[in-house]
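Reader: I'd like to go through this model with you and ask where the labels come from. Could you show it to me?

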Amino acid sequence: MENQRKKNRKAFSGDRSERVTGKKKEDFRENRKKTGDGKVEKFHINQEKNKTGKRGTFGQDKGKKNGNNAEPVKKFRKEEKAAPAKAEQKKGASSSKSKCPYQKKCGGCTYLKLSYEEQLAKKEQFIKKTLKGIVPVKGMVGMENPYHYRNKVNSAFARKKDGTIVSGIYEKGTHKVVPVEECLLEDQRADAIIRDIRSLLKSFKIMIYNEDSGYGLLRHVMVRTGFASGEIMVVLVCVSPVFPSKNNFVKALRKLHPEITTIVLNVNDRTDSMVLGKRDIVLFGRGYIEDELCGCTFRISPQSFYQVNPVQTKNLYEKAISLAGLTGNERVMDAYCGIGTIGLIASRDAKEVISVELNPDAVRDAVTNAKRNQIKNVSFYQNDAGAFMVSMAEKGEKADVVFMDPPRAGSDEAFLSSVVTLSPKKVVYVSCNPETLARDLRYLTKHGYKAEEAWGYDMFAWSEHVETVCLLGKRKPDTTVKLSVDMDDYHRIINGKDGE
């Protein structure tokens with residue numbers, strides 16, 4: 001009890017000046033598959049109880065309602081020209097002045113001085129160069145409005161030497177906070193909420209956590225928005241579960257932003273660079289939001305992996321399922337399934353879907369999502385996808401199609417080997433890193449598969465990152481019989497004199 005009182009006193013003590021630590025934030029997408037105990041658990045979604053353990057179809061009117069005026073995307077070919085993202089951007093003209101005052105310190109939007117048409121061409125050229133000789137790249141799909149598309153915003157907080165509280169993003173390669181009032185990529189509703197939280201902290205005397213001294217309470221604020229649903233979740237990341245005057249704080253924040261549908265306190269007392277801890281305490285609402293994607297409704301918890309660009313995610317997933325060519329008779333494997341997005345969407349066109357995910361929290365959300373959408377032909381397993389496929393092959397089980405959507409590091413050889421062992425007719429590979437995609441495709445093409453086509457999708461406008469979806473098909477065995485025939489024998493055969 002005395003230790004807890006000491007910890008709380010430490011959490012609420014005065015802040016001290018921060019210094020640059022040089023730590024890098026880790027990408028949750030890459031860490032999500034490293035948790036869990038590796039047990040196999042099967043979830044039958046048509047049962048009342050389930051065992052659980054622990055990388056937007058959207059209407060245009062919905063997009064306008066939520067501050068994102070995104071229109072359906074266009075596909076750009078050599079013979080087509082992309083419309084400029086802004087009226088002031090003339091065709092092919094680069095901007096000599098950056099649109100963002102934080103660009104130099106942030107380092108995120110490396111293509112901000114290019115016109116949108118130019119950066120799409122640059123990304124397509126990069127994909128084609130990286131995948132040259134491996135797979136033909138059919139086109140690059142861009143956005144109609146490439147601004148304010150991110151539905152998830154993480155904001156770090158810090159206190160300056162003069163006591164001023166600032167919030168924003170980490171300067172590239174450091175843990176020094178760059179103050180940001182509004183980001184060109186982030187949902188504007190999220191930015192407004194974070195600005196008002198910053199103002200409330202002073203009046204409620206909430207101390208900012210200093211990772212060097214270990215004093216303070218609030219570390220980060222995360223805001224997740226539902227593009228189609230309009231729902232908003234606010235996550236307060238603190239080092240202690242004790243948040244002073246939490247009810248009054250929630251009331252004050254909701255008065256400023258009645259559109260908030262849930263508020264969660266996440267407890268992160270770790271000393272590493274992970275943004276979220278493992279414990280979530282619901283302060284208001286359900287503790288999660290829901291959003292619609294390709295006709296399915298998905299539950300999104302604070303720690304769920306969900307693509308940050310809802311407009312392009314819809315188009316990317318529809319292309320991935322289209323490439324699979326499902327007829328309703330296939331057995332489909334969804335590896336790295338997360339909260340079940342691709343598998344649940346594909347289930348409408350498949351006979352059966354087997355979804356595998358290592359993160360137990362994601363599996364729990366996936367099961368809930370299947371029930372929410374009344375989908376009964378999907379089974380979920382908490383396990384390593386590679387080990388699970390090897391186990392299937394050893395039991396003589398088959399899959400017709402494998403969907404794989406690994407983190408930026410791509411798949412390791414053990415996973416790719418398990419795909420080859422399972423021997424599906426088609427593999428649909430969704431990648432957020434063309435370089436690791438090229439590496440993995442080389443392995444698969446050396447082991448019985450042909451890379452048939454690839455498409456680029458601009459999921460991360462103004463940055464150098466690009467998403468790619470690729471179709472691989474199982475090579476048919478060569479049944480050609482080669483014979484060595486003497487020319488005299490050849491003439492006898494064609495003249496019908498063989499055997500005379």
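This is a predicted model: local features need pLDDT of at least 70, side-chain atom pairs count only at pLDDT 80 or more; totals for chains, interfaces and linings use all residues.

Reader: Which strands form the open sheet, and in what order?

Author: Seven strands, in the order S6-S5-S4-S7-S8-S9-S10, with mixed pairing. Helices (H or I, at least four residues) and strands (E, at least two) are DSSP runs, numbered from the N terminus.

Reader: What makes S6 and S10 the edge strands?

Author: Two strands pair if DSSP finds at least two bridges between them. Strand S6 (177-179) and strand S10 (279-284) each pair on one side only. S10 is joined to S9 by five bridges, and the two run antiparallel. In that pair, Val 267 is opposite Arg 279 of S10.

Reader: How do you know that H6 packs on the sheet?

Author: By contact, meaning heavy atoms within 4.5 Å. H6 touches strand S4 (152-159), strand S5 (165-170), S7 and strand S8 (232-238), and its direction makes about 25° with that of S4. Axes here are lines fitted to C-alpha atoms, for helices over the stretch in contact, and angles run from 0 to 180 degrees between N-to-C directions. Another helix, H7, lies across S8, S9 and S10, at about 65° to S10.

Reader: Why is His 257 called buried?

Author: Buried means under 20% relative accessible area, exposed over 50%, and partly exposed in between (1.4 Å probe, protein chains only). His 257 has 6% relative accessibility, so it counts as buried. This histidine is in the loop between helix H7 (246-256) and strand S9 (262-267). Leaving out residues up to four places away in sequence, His 257 touches Ala 192, Ile 193 and Asp 196.

Reader: And what makes Lys 205 exposed?

Author: Its relative accessible area is 70%, so Lys 205 is exposed. Lys 205 belongs to the loop between helix H6 (188-203) and strand S7 (218-225). Its phi is positive, about 55°, although it is not a glycine.

Reader: Why does Ser 423 count as partly exposed?

Author: Ser 423 has 25% relative accessibility, so it falls in the partly exposed class. You'll find Ser 423 in the loop between H12 and strand S17 (426-431). Its phi is positive too, near 60°.

Reader: Why is strand S11 described as largely enclosed?

Author: Four of the five residues of S11 (residues 289-293) are buried, so the rest of the structure largely encloses this strand. Five bridges join S11 to strand S12 (residues 296-300), and they run antiparallel. Leu 293 sits opposite Cys 296 in S12. Two residues lie between the strands of this hairpin, where Cys 294 takes a positive phi near 55°.

Reader: Why are H11 and H12 called roughly parallel?

Author: The axes of helix H11 (residues 385-394) and helix H12 (residues 413-422) come within 8 Å and cross at roughly 25°. Angles under 35 degrees count as roughly parallel, over 145 as roughly antiparallel, 65 to 115 as roughly perpendicular and the rest as oblique. H11 and H12 are therefore roughly parallel. Among the residues making the contact are Met 389 and Val 390 of H11, and Phe 415 and Leu 422 of H12.

Note on methods. Residues are numbered from 1 along each chain as its sequence is written. Side-chain values use heavy atoms; hydrogens and water are left out.
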